[in-house]
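This briefing is meant for a reader meeting the structure for the first time. Please look over the sequence and the model below before turning to the notes that follow.

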Amino acid sequence: MLYRMRRLRVDETMRSLVRETVLNVKDLVYPIFVVEGNQVKKPVSAMPGVSNLSLDMYLRELEEIAELGIPAVLLFGVPDVKDEVGSGAYDPNGIVQRALREGKKRFPELLFIADVCLCEYTSHGHCGLVHEGMVLNDETLPLLAKSAVSYAEAGASIIAPSDMMDGRVGAIRKALDEQGFSHIAIMSYSAKYASAFYGPFREAAQSKPAFGDRKSYQMDYSNRREAIREAELDITEGADIIMVKPALAYLDVIREFAIRFDIPLAAYQVSGEYAMIKAAAQQGWIDEKAVALESVTAIKRAGAKIIITYFAKQVAAWLKSSG
Ligand code: PBG
């Protein structure tokens, strides 16, 4: 036989020589949920290993992350008090703002990414202002812009809008530039699908919509071409990094973006993806490490350079131990 594909699979050394995709700890972003209080480490039931952390515990977590060599964290705030207009999101003393200030002071080498969205802060759990059952778009934009500026003031290096309002990237870019933050990057959740894979996150962030769903702003999971338009608009409005979310069920979208857009690409392996692997592994039905590494590598192989994952700490440790 002239061609024998197995020649290059003969042993691990040979395989590693021809390996096309190799995970690097510098690809990883670890999401963290910060809450009010002291000594709080409240486990999220559907996400084993993930907890809501008060600031003192969060600082300890950052220490671990820095030690593992993970370059960046993505912060979500879970405030004690929520209201109709999501004030906690843009309160200069809000939970994320304090987490950013404290974190940046103690760990200046870490990159802090602030998720911008109202849903964790609104009493109705929607990502924008609500009027007569409708999620308002243009009225929400100034609040998102205000949140972004306050996160930048507090020490965020990257602003990550996840609300899916139209025009948000432009509104945020303009506000950042006007307030002296032209050096702060925007990572846009460009193709964020209305996905049932976010279930466990909503428990963690207590952000389940009180009525209806998010289908009037997040994307329909049946659509790929629409995602291209979303990304084009975000890039035109000034996004520095684009993102696809969730990841594993949307590898085709990741691939499409990687081929089309010469701009750094991120993918978010979301809470439900994590929960599924954890649950099956706990049952002894799959090998957690093997499946987690295979999934995260597949996301990179599809074309995402930046991978946001609740497995970040474990992956970093696994990469370290395999040398
Ligand atoms: C906020 C937001 C959500 C996630 C990230 N940012 C939830 C949602 O849109 O309901 C989900 C992340 C995850 O599931 O891990 N809008």
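In this predicted model, an oxygen atom of the ligand is 2.8 Å from an N or O atom in the side chain of Q218.

**Around the ligand**

- There are 19 residues around the ligand, and those that come nearest are K192, R202, K245, S271 and Y310.
- For S271, an N or O atom of the side chain is 2.7 Å from an oxygen atom of the ligand.
- A nitrogen atom of the ligand has a polar side-chain atom of S162 at a distance of 3.4 Å.

**Helix 4 and helix 5**

- Packed helices are described in general by the angle between their axes and by the distance between those axes.
- Helix 4, which covers residues 141-154, packs with helix 5, residues 168-178, at an angle of about 45°, and their axes are 9 Å apart.
- The two helices, helix 4 and helix 5, are therefore oblique to each other, and their crossing is right-handed.
- On the side of helix 4, the residues that meet helix 5 are L141, L144, A145, A148, V149 and A152, while helix 5 contributes R168, A171, I172, A175 and L176.
- Sorted by class, this contact of helix 4 with helix 5 has 10 nonpolar residues, no polar residues and one charged residue.

**Helix 9 and helix 10**

- Helix 9, residues 271-282, and helix 10, residues 288-302, pack at an angle of about 160° with their axes 9 Å apart, which makes helix 9 roughly antiparallel to helix 10.
- The crossing of helix 9 and helix 10 is right-handed, and the contact is made by I277, K278 and A281 of helix 9 together with E288, V291, A292 and S295 of helix 10.
- By class, the contact of helix 9 with helix 10 has four nonpolar, one polar and two charged residues.

**Backbone features**

- The peptide bond that runs from K245 to P246 is cis, with omega near -10°, and P246 lies in the loop between strand 10 (241-245) and helix 8 (251-260).
- E132 is not a glycine, although its phi is positive at about 50°, and its place is in the loop between strand 6 (130-131) and strand 7 (134-135).

Definitions and conventions. Residues numbered from 1 in each chain as written. Predicted model: local features only at pLDDT ≥ 70, side-chain atom pairs only at ≥ 80, totals over all residues. Heavy atoms only, no water. Axes fitted to C-alpha atoms, helices over the stretch in contact; angles between N-to-C directions. Helix = DSSP H or I, 4+ residues; strand = E, 2+ residues; numbered from the N terminus. Parallel < 35°, antiparallel > 145°, perpendicular 65-115°, else oblique. Left-handed = near helix turned anticlockwise from the far one by under 90°. Contact = heavy atoms within 4.5 Å. Nonpolar A, V, L, I, M, F, W, Y, C, P; charged D, E, K, R; others polar. Near = heavy atom within 4 Å. Polar contact = N/O pair within 3.5 Å; in protein donor to acceptor, adjacent residues only side chain to side chain.
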